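Subject: Structure handover and findings

Dear colleague,

I am handing over the structure below, and I would be grateful if you could look through it alongside the notes that come after it.

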Amino acid sequence: MAMIPSFFNNRRGSSSIFDPFSSFEAWDPFKDFPFPSSSLIPRENSAFVSTRIDWKETPEAHVFKADLPGLKKEEVKVEIEDDRVLQISGERNTEMEDKNDTWHRVERSSGKFLRRFRLPENAKMDQVKASMENGLLTVTVPKEEVKKHDVKAIEISG
């Protein structure tokens with residue numbers, strides 16, 4: 001604390017200055033709003049609304065990676081549509097609630113997610129592979145070799 005300058009020459013713990021570190025209780029900015037939780041997204045739809053998926057391109061393939069902790073491979077679907085669209089979807093079901101239980105905090109989400117990606121022309125649609133290990137889904141879409149155009153020199157006459 002000695003590194004932080006004191007503008008008011010006040011000691012820590014004094015009540016005349018606001019001290020943001022004096023209480024670590026969480027402030028809920030939506031506490032007084034009329035919806036049931038502090039989220040604008042309904043609980044049943046909040047699950048993976050923003051499931052993040054990384055897409056990188058290597059010289060050999062397009063690689064998609066999604067963090068899906070707590071999901072089993074049976075709860076995830078990877079599909080390819082005719083028009084070169086990769087679709088990744090899944091669902092996490094809510095835990096059965098006992099009416100006698102008192103919940104102090106519910107942070108794990110449940111619900112459905114769906115992400116779609118239009119694949120480039122060089123994707124080998126018939127060789128797509130997917131694997132899931134420790135909650136990490138990896139989808140590999142091999143690429144066709146880029147055909148190098150033969151360049152033929154034309155002799156200029158005259």
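Predicted model: local features only at pLDDT ≥ 70, side-chain atom pairs only at ≥ 80, totals over all residues.

Residues are numbered from 1 along each chain as its sequence is written, and side-chain values use heavy atoms, with hydrogens and water left out.

The protein chain has seven strands and zero helices, where strands (E, at least two residues) and helices (H or I, at least four) are DSSP runs numbered from the N terminus. Of its 158 residues, 23% are buried, a term that stands for under 20% relative accessible area with a 1.4 Å probe, protein chains only. The chain exposes about 13800 Å², of which carbon and sulfur atoms supply 52%, the areas coming from the Shrake-Rupley method with a 1.4 Å probe. Among contacts (heavy atoms within 4.5 Å) between residues at least 6 apart in sequence, 55% join residues at least 24 apart.

Strands β1 (residues 53–57) and β2 (residues 61–67) run antiparallel and are joined by five bridges; two strands pair if DSSP finds at least two bridges between them. A hairpin of three residues leads from β1 to β2, and Trp 55 stands opposite Phe 64 in β2.

Gln 87 belongs to strand β4 (residues 85–92) and is buried, at a relative accessible area of 11%. Its side chain makes a polar contact of 2.9 Å with that of Arg 116, such a contact being a pair of N or O atoms within 3.5 Å, where within protein one must be able to donate a hydrogen and the other to accept it, and residues adjacent in sequence count only if both atoms are side-chain atoms. Beyond its neighbours within four places in sequence, Gln 87 is in contact with residues including Val 78, Glu 79 and Leu 114.

Arg 84 sits in the loop between β3 (76–81) and β4. Arg 84 is buried but has no salt bridge, and the nearest side chain of opposite charge, Glu 121, is 4.3 Å away; a salt bridge requires a side-chain nitrogen of Lys or Arg within 4 Å of a carboxyl oxygen of Asp or Glu. A polar atom of the Arg 84 side chain does lie 2.8 Å from the backbone oxygen of Glu 121, and the backbone oxygen of Pro 120 lies 3.3 Å from a polar atom of that side chain.

Conventions. Buried < 20%, exposed > 50% of the residue type's maximum accessible area, 1.4 Å probe, protein only. Lys, Arg positive; Asp, Glu negative; His and termini not counted.
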